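Have a look at the sequence and the model first.

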Amino acid sequence: PSSHPTCRSMLLLGALLCRSLLPRRLFSSQQARALAAAPRRPKHRASPGKQQPDILSGGAMEAVLAPLRLAVREQGDLVRQLKDDKAPQVDVDKAVAELKARKRILEAKELSLQPKDDVVDRTKMEDTLKRRFFYDQAFAIYGGVSGLYDFGPVGCALKNNIIQTWRQHFIQEEQILEIDCTMLTPEPVLKTSGHVDKFADFMVKDVKNGECFRADHLLKAHLQKLMSDKKCSAEKKLEMEEVLTQMDNYSQQDLANLFVAYNVKAPITGNDLSPPVSFNLMFQTSIGPGGNMPGYLRPETAQGIFLNFKRLLEFNQGKLPFGAAQIGNSFRNEISPRSGLIRVREFTMAEIEHFVDPNEKVHPKFDQVADLNLLLYSSKAQLSGQSASKMRLGDAVEQGVINNSVLGYFIGRIYLYLIKVGVSLDKLRFRQHMENEMAHYACDCWDAETKTSYGWIEIVGCADRSCFDLLCHARATKVPLVAEKPLKEPKTVNVVQFEANKGAIGKAYKKDAKLVLEYLSICDECYITEMETLLNEKGEFTIETEGKTFILTKEMVNVKRFQKVLHVEEIVPNVIEPSFGLGRIMYSVFEHTFHVREGDEQRTYFSFPAIVAPYKCSVLPLSQNQEFVPFVKELSEALTKHGVSHKVDDSSGSIGRRYARTDEIGVAFGITIDFDTVNRTPHTATLRDRDSMRQIRAEISELPAIIRDLANGCLTWPEVETKYPVFEGQETSKKDTDRKSTR
């Protein structure tokens with residue numbers, strides 16, 4: 001009951017913390033007065049040497065979060081009400097921006113209240129990654145270039161194993177068709193997809209040295225710095241908080257005015273800045289020596305799949321559904337790349353486009369993933385200020401939380417893949433896009449997000465993109481990108497077509513009339529209906545084809561409707577698109593598998609799953625004794641024949657130091673050749689597990705197959721321990737070897 005003293009103190013604590021986190025405008029005047037009247041708790045100083053606990057119990061944590069959840073829920077209700085009332089879009093946008101701000105405050109507080117024992121020491125981890133050359137900044141000896149990285153031997157092996165596991169998990173197990181398209185893309189393709197016009201951010205420049213900054217990021221950092229100043233008045237803080245909440249909605253001119261109003265300067269030099277300009281994030285180039293064909297390095301791999309849809313459909317014997325995939329590098333000319341592998345200028349993507357009949361979005365294998373329990377953060381939960389919650393995948397589809405079972409199936413498969421490559425189960429969630437985040441053509445969209453030292457970051461997107469991409473490219477190229485579906489029985493359908501007045505079009509556009517007629521002949525019903533509305537309202541509409549623009553009037557075209565008997569139905573497939581950022585997945589795996597040995601702060605290691613570990617095992621002779629050499633050579637050759645990647649370390653360091661060295665780069669297992677190997681028959685060696693540091697002893701001839709099965713997931717370490725004797729210590733020594741040789 002709320003009258004209980006403990007409950008009262010918890011609620012009071014929540015209110016006080018909320019007051020310090022939220023701007024007062026987020027509350028009604030009644031709520032604000034109630035908070036202002038709440039008595040303040042006396043301050044306590046920690047005793048010398050005694051650290052105050054910063055983690056609250058479950059009830060106390062909820063008391064802290066309750067006012068923040070309420071603020072989000074109230075704003076979510078307001079957004080829904082504005083949409084229902086068909087309010088002006090500017091009002092909806094402002095309300096949505098406010099909702100996002102409240103969500104960010106709630107999530108930041110939730111993260112701050114969670115246990116700190118699982119927070120990675122990022123400095124120590126990044127030192128290990130750099131020192132062991134997992135990856136490093138590209139062109140380092142020339143000073144380096146932000147957002148570009150080179151992978152070293154260990155990072156390269158890890159990345160390749162993550163990609164190979166992806167191929168096995170999706171392409172092979174799902175019978176997906178893999179293609180490899182060029183990275184150079186002509187401008188018309190990306191004009192059609194919307195990237196040329198919309199793939200941009202606002203940028204400002206230092207007027208003296210030319211250094212560039214992303215405008216919204218720089219303004220945000222500048223305002224936060226001003227707000228942290230003790231001299232900043234409460235009124236000024238509220239004003240700047242209002243600016244921050246609207247950051248996503250500002251136009252180019254709005255940003256320019258704000259830079260002047262708050263006197264924003266270059267952060268390092270203090271120099272003046274240029275006005276914000278729109279900067280397209282694609283790398284532009286020219287194809288061919290004449291420079292007449294503008295092009296770009298692709299910003300994503302998906303467009304190549306859409307353009308090859310007809311060939312892929314033919315390869316699949318004209319049948320739906322089918323999936324196509326591509327793995328490759330994409331490029332985005334980020335204004336301010338940061339956070340290591342999370343925001344870079346060149347990155348590896350793996351994308352699937354699963355083409356499906358829009359009327360048959362039921363996956364035959366959904367039952368295989370239906371019982372998975374996933375942490376889902378639905379749009380409804382976000383709007384009401386609730387946290388993500390565990391839910392059975394089958395229930396999520398049945399209850400309509402996830403739009404359809406095809407999308408649900410891929411969410412389940414994504415989950416299984418991420419766990420397989422080393423993402424922590426406890427730091428993975430799926431967040432649904434809210435309506436204002438999704439493109440107008442999308443049916444549903446979920447992001448796989450991982451909890452890292454940077455907060456929650458998106459690593460995989462999974463969207464039901466409807467038929468938007470295929471329709472856009474079909475309209476631009478006049479090539480119908482459709483599939484034929486045989487009908488069990490003939491059916492009569494309503495047909496909507498443009499009926500062109502060839503004479504009027506020919507008179508107006510002469511030799512270009514053919515372009516107009518071809519364009520009109522391939523338009524889909526949805527587009528025709530939209531243009532018909534314009535024709536009725538304005539008497540004309542505009543089309544663009546082959547880089548030319550044409551205005552069509554009622555005298556040139558009208559809309560014809562009639563019925564037609566069909567034996568074969570043409571359908572434009574819908575697309576389910578899982579899109580993986582492999583660099584972000586790698587970074588998440590680094591954080592989630594990085595550990596420090598208990599009792600030894602200097603010994604760090606990565607607990608990569610064996611299937612993706614850069615090397616499956618190491619081969620370590622106990623010392624540099626020459627009698628070990630033949631056994632090392634024999635083992636190395638046998639491991640290679642079994643397809644087991646391995647690393648031989650015959651350096652002069654102690655065996656413990658060499659174990660630590662291989663643990664540090666995530667080598668899953670270690671074979672040690674010792675004097676028992678030499679002195680006893682059959683010849684045996686020890687096999688060590690990296691994570692538990694336990695060892696067994698087995699015959700040398702058996703070890704390659706054991707490690708292969710461990711790495712493939714066919715065998716577990718506990719199963720190995722039940723079959724082979726646990727190693728306690730070698731029973732012979734160098735003296736026994738010397739004695740044996742003198743006989």
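Predicted model: local features only at pLDDT ≥ 70, side-chain atom pairs only at ≥ 80, totals over all residues.

The buried residues of helix α17 have cover that includes α7 (187–193), α12 (302–307), α13, β11 (346–356), α19 (513–521) and α20 (525–538). Contact here means heavy atoms within 4.5 Å, and buried means under 20% relative accessible area, with exposed over 50% and partly exposed in between (1.4 Å probe, protein chains only). The labels come from DSSP runs numbered from the N terminus: helices are H or I runs of at least four residues, and strands are E runs of at least two. Residues are numbered from 1 along each chain as its sequence is written, and side-chain values use heavy atoms, leaving out hydrogens and water.

Back to α17, which spans residues 468–477: seven of its 10 residues are buried, so the helix is mostly covered. Those seven are Asp469, Leu470, Leu471, Cys472, His473, Ala474 and Arg475.

Now zoom out. The chain has 27 helices and 28 strands, and 48% of its 743 residues count as buried. Take the contacts with a separation of 6 or more: 70% of them link residues 24 or more positions apart. The chain exposes about 38,200 Å², and carbon and sulfur atoms supply 51% of that; the areas come from the Shrake-Rupley method with a 1.4 Å probe, and for residues only the protein chains shown count as cover.

Next, find a pair of helices, α9 (residues 215–228) and α10 (residues 234–245). Their axes come within 10 Å and cross at roughly 160°; axes are lines fitted to C-alpha atoms, for helices over the stretch in contact, and angles run from 0 to 180 degrees between N-to-C directions. On the α9 side, Lys220, Leu223, Gln224, Leu226 and Met227 make the contact, and on the α10 side Lys237, Met240, Glu241, Val243 and Leu244 do. Sorted by class, that is six nonpolar, one polar and three charged residues. Nonpolar covers Ala, Val, Leu, Ile, Met, Phe, Trp, Tyr, Cys and Pro, charged covers Asp, Glu, Lys and Arg, and the others, Gly among them, are polar.

A second pair is α22 (residues 629–641) and α25 (residues 703–712), packed at about 40° with axes 9 Å apart. That makes α22 oblique to α25. Leu635, Ala638 and Leu639 in α22 meet Leu703, Pro704 and Ile707 in α25, a contact with six nonpolar, no polar and no charged residues.

Most residues other than glycine have a negative phi, and most peptide bonds are trans. Yet Leu320 and Pro321 are joined by a cis peptide bond, omega about -5°, and Pro321 sits in the loop between α13 (309–315) and β10 (322–331). Another cis bond joins Thr681 and Pro682, in the loop between α24 (675–679) and β27 (684–689) for Pro682. Asn263 has a positive phi of about 50° and is partly exposed, at 48% relative accessible area. Glu546 has a positive phi too, near 55°, and counts as exposed at 55% relative accessibility.

Conventions
Parallel < 35°, antiparallel > 145°, perpendicular 65-115°, else oblique.
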